[in-house]
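Visitor: I've got a model open and would like a quick walk through it. Could you take my questions one by one?

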Amino acid sequence: MKKIKLEILGLSPSQSQAGSFALVLGEELGNRRLPIIIGVFEAQAIAVQIENIMPNRPMTHDLFKSFAEGMNYDLKEIFISDLKEGIFYAKIICTDKIREVEIDARPSDAIAIGLRFDIPIFTTDSIMSEAGLIANTDQDEEIDDEEQIIETVEPARKEVPLRDMSFDDLQKMLDDALAHEDYEKAAKIRDEMGSRN
């Protein structure tokens, strides 16, 4: 099984789900993106580590690191191993230099821990093919002033639920979401399209 190395590209508040964040992972040698919706506490644990902020007291993921180091465990990698019914599953791969152990974890917790150990994140090509989104790097992302004015003057239209849209309309919306790097919206559209297959 070929593993694909991922890197963290972004973490942003969810526009549609209060208390949720979109964690965007990108394949290291490609243009596919893997958006994962995570909770606020996991997002905080990831952001604190990315920004090198030292909390006054250890967070849960810091405690895990201290415990693993105290027991002489080395963490090797984070592996996003499965996707079932829209839910991602992960494993923390570690060793005590005698045997290798795989610990089941939510991807958000695994990544928060992995950042503290500075270890790589991997997934499979099948997960990237099923849930990954292709970033559109060819389109010009600049919006001219006239377009912005039109957008603000136009009355708000009632949004049609994704389930009521045609597959072709969903594909157009997906392309547009990717062009504007709205990975959270793209993930929802992808899930709706996937549920029809």
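**Sheet and helices**

Guide: Asp 74 stands opposite Thr 95 in S5. Before we go on, this is a predicted model, where local features need pLDDT of at least 70, side-chain atom pairs count only at pLDDT 80 or more, and totals for chains, interfaces and linings use all residues. Residues are numbered from 1 along each chain as its sequence is written, and side-chain values use heavy atoms, with hydrogens and water left out.

Visitor: In which sense do S4 and S5 pair?

Guide: Helices (H or I, at least four residues) and strands (E, at least two) are DSSP runs, numbered from the N terminus, and two strands pair if DSSP finds at least two bridges between them. Between S4 and strand S5 (residues 87-95) there are 9 bridges, and the sense is antiparallel.

Visitor: Which residue in the hairpin of S4 and S5 takes a positive phi?

Guide: The hairpin has 2 residues between the strands. The positive phi, near 50 degrees, belongs to Glu 85.

Visitor: And what is the bridge partner of Ile 78 in S7?

Guide: S4 also pairs with strand S7 (residues 121-124), over 3 bridges and in the parallel sense. In S7, the partner of Ile 78 is Ile 121.

Visitor: Which strands stand at the edges of the sheet?

Guide: The open sheet has 8 strands with mixed pairing, in the order S6-S5-S4-S7-S1-S2-S3-S8. Each edge strand has a single partner, so one side of it is left without a neighbour in the sheet. Those are S6 (100-105) and S8 (133-134).

Visitor: Which residues of H2 are buried?

Guide: Take buried as under 20% relative accessible area, exposed as over 50% and partly exposed as in between, with a 1.4 Å probe and protein chains only. On the other side of H2, Thr 60, Leu 63, Phe 67 and Gly 70 are exposed. The buried ones in helix H2 (residues 60-70) are His 61, Asp 62 and Ala 68.

Visitor: What do the buried residues of H2 pack against?

Guide: Contact here means heavy atoms within 4.5 Å. The buried residues of H2 pack against H1, strand S4 (74-84) and helix H3 (107-117).

Visitor: Are H6 and H7 roughly parallel or roughly antiparallel?

Guide: Helix H6 (residues 167-179) and helix H7 (residues 183-195) pack with axes 8 Å apart, at an angle of about 155 degrees. Axes are lines fitted to C-alpha atoms, for helices over the stretch in contact, and angles run from 0 to 180 degrees between N-to-C directions. Angles under 35 degrees count as roughly parallel, over 145 as roughly antiparallel, 65 to 115 as roughly perpendicular and the rest as oblique. H6 and H7 are therefore roughly antiparallel.
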